[in-house]
Each structure stands twice: as C-alpha cells, then as structure tokens.
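These are my notebook entries on a single chain.

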Amino acid sequence: MSISYSPCFQPLKVFPKSNLSGALTLKRYNVVTCTKKSHEDISLESKVDFLLDHVKWDDKGLAVAIAQNVDTGAVLMQGFANREALSTTISSSKATFYSRSRSSLWTKGETSNNFINVFDVFLDCDRDSIIYLGKPDGPKCHTGSKTCYYTPVDELLKNPEGIQLLMT
C-alpha cells in the first residue's frame with residue numbers, strides 16, 4: 001500500500017581527455033548526477049493524487065477518518081483527515097490524522113509509540129468518510145483503553161450516575 005521512492009541513480013560518464021603532453025588518460029569518473037522516481041512510483045503518486053481529488057472533503061478540507069482493528073473489527077478511534085493526512089497514511093502505513101484543535105497533522109502513536117499500522121484504507125460509498133484498517137500496537141484511547149468506544153449509552157441512561165459521568 002505504501003508509496004515507495006526507490007532512487008534511480010544515473011552516473012555521469014566523463015570521457016577520456018588528453019593531458020598537457022597529448023597522452024590520453026584512461027580514467028572514467030562516475031558522478032551521481034540525479035535521483036529520480038521510477039516510472040511505477042510516478043504512476044502510483046498520480047493515482048494517489050487522483051484519489052485525493054475525488055474525496056468529498058468538507059468546507060474545511062476534512063473528512064471523518066475512523067481507525068478499525070483489522071483482527072477484531074473493533075472501532076478504535078475516530079478523527080479527521082485532510083489531503084495531507086490521508087496521503088501520509090497511504091505512504092507511511094501509519095494512521096495519520098488532522099488535529100482541528102492544533103491545526104496540524106498528527107500520527108497516532110507519535111508520543112505514546114502506540115501506532116496504528118494501516119493495512120488498507122477504505123472510502124465509503126459517498127467518498128466523504130475514511131476507514132483506516134489496521135493493527136494497533138497498544139491502547140488507542142488516551143485513557144489507556146483498547147478503544148475510545150467503551151461507554152454504552154444504554155448503561156449511561158439506565159444508571160443515574162451515568163449522566164453525571166457525561167458532565168465530567
């Protein structure tokens with residue numbers, strides 16, 4: 001899934017020159033003159049750009065991004081992605097989101113080392129939400145829980161203390 005950028009080195013060949021006495025020097029120098037992407041990489045990069053152009057981003061350039069456990073199907077967390085976050089997720093295979101509060105990208109696990117290693121990315125039928133299907137390295141919630149979705153609404157409504165929990 002990731003976009004690889006394997007360098008293609010093209011040596012510059014320096015042809016034999018005659019020295020001051022007129023004798024030919026037989027040394028050939030190979031000098032690296034460029035690094036460029038392979039044809040396959042450019043093609044894949046173009047495909048990713050095309051895909052990004054066809055996601056239905058909201059008026060702020062965002063789409064909902066849901067991380068889901070590839071093994072259990074559990075929804076791990078939800079965030080938002082912009083073009084750069086989705087592109088970074090595709091190229092790095094690490095779930096990357098856009099933080100609305102910090103106005104910047106963040107990769108889940110960058111401070112905790114509890115990354116989500118993404119195996120596949122799905123768009124919904126309307127192309128306005130994204131699923132990162134991956135394997136978590138550890139807990140996904142800042143509370144230490146395996147998922148951010150551990151509070152059943154039914155229990156909150158049946159339990160008088162449940163409503164108090166929502167207020168904290």
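**Entry 1: cysteines.** I took a disulfide to be a pair of cysteine sulfur atoms within 2.5 Å. The model I examined is a predicted one. By that rule I count 0 disulfides. I then looked up cysteine 148, which is in no disulfide; its nearest cysteine sulfur belongs to cysteine 141 and is 3.8 Å away. As for accessibility, I noted cysteine 148 as partly exposed, with a relative accessible area of 32%. Cysteine 125 is exposed, at 75%.

**Entry 2: sheet order.** In what order do the strands of the open sheet stand? I read β4-β3-β8-β7, four strands with mixed pairing. β4 (75-81) and β7 (116-123) are at the edges; each has a single partner strand, so one side of each lacks a neighbour in the sheet. From one strand to the next, the twist averages 25°.

**Entry 3: pairings.** I went through the strand pairs in turn. β3 and β4 run antiparallel and are joined by 6 bridges; in this pair alanine 63 stands opposite alanine 81 of β4. Their hairpin has 5 residues between the strands, and there I found glycine 73 with a positive phi near 80°. β3 and β8 are parallel, over 6 bridges, and valine 64 is placed opposite serine 129 in β8. β7 pairs with β8 (residues 129-136) in the antiparallel sense over 7 bridges, with isoleucine 116 opposite proline 136 of β8.

**Entry 4: core.** The largest nonpolar core has 20 residues, and those touching the most other members are Trp57, Met77, Leu86, Phe97, Ile116, Ile130 and Tyr132. I recorded α1 (39-53), β3 (63-69), β4, α2 (83-92), β7 and β8 as the elements giving two or more residues to this core. For leucine 86 I looked up contacts beyond four places in sequence; among them are Leu51, Trp57, Val121, Ile130 and Tyr132.

**Entry 5: asparagine 117.** This residue is found in strand β7. I noted a polar contact of 2.3 Å between the side chains of asparagine 117 and lysine 94. Beyond four places in sequence, asparagine 117 is in contact with residues including Ser93, Leu133, Gly134 and Asp137.

Methods
Residues are numbered from 1 along each chain as its sequence is written. This is a predicted model: local features need pLDDT of at least 70, side-chain atom pairs count only at pLDDT 80 or more; totals for chains, interfaces and linings use all residues. Side-chain values use heavy atoms; hydrogens and water are left out. Two strands pair if DSSP finds at least two bridges between them. Axes are lines fitted to C-alpha atoms, for helices over the stretch in contact, and angles run from 0 to 180 degrees between N-to-C directions. Buried means under 20% relative accessible area, exposed over 50%, partly exposed in between (1.4 Å probe, protein chains only). A polar contact is a pair of N or O atoms within 3.5 Å; within protein, one must be able to donate a hydrogen and the other to accept it, and residues adjacent in sequence count only if both atoms are side-chain atoms. Contact means heavy atoms within 4.5 Å. A nonpolar core is a set of buried Ala, Val, Leu, Ile, Met, Phe, Trp, Tyr and Cys residues joined through side-chain atoms within 4.5 Å.
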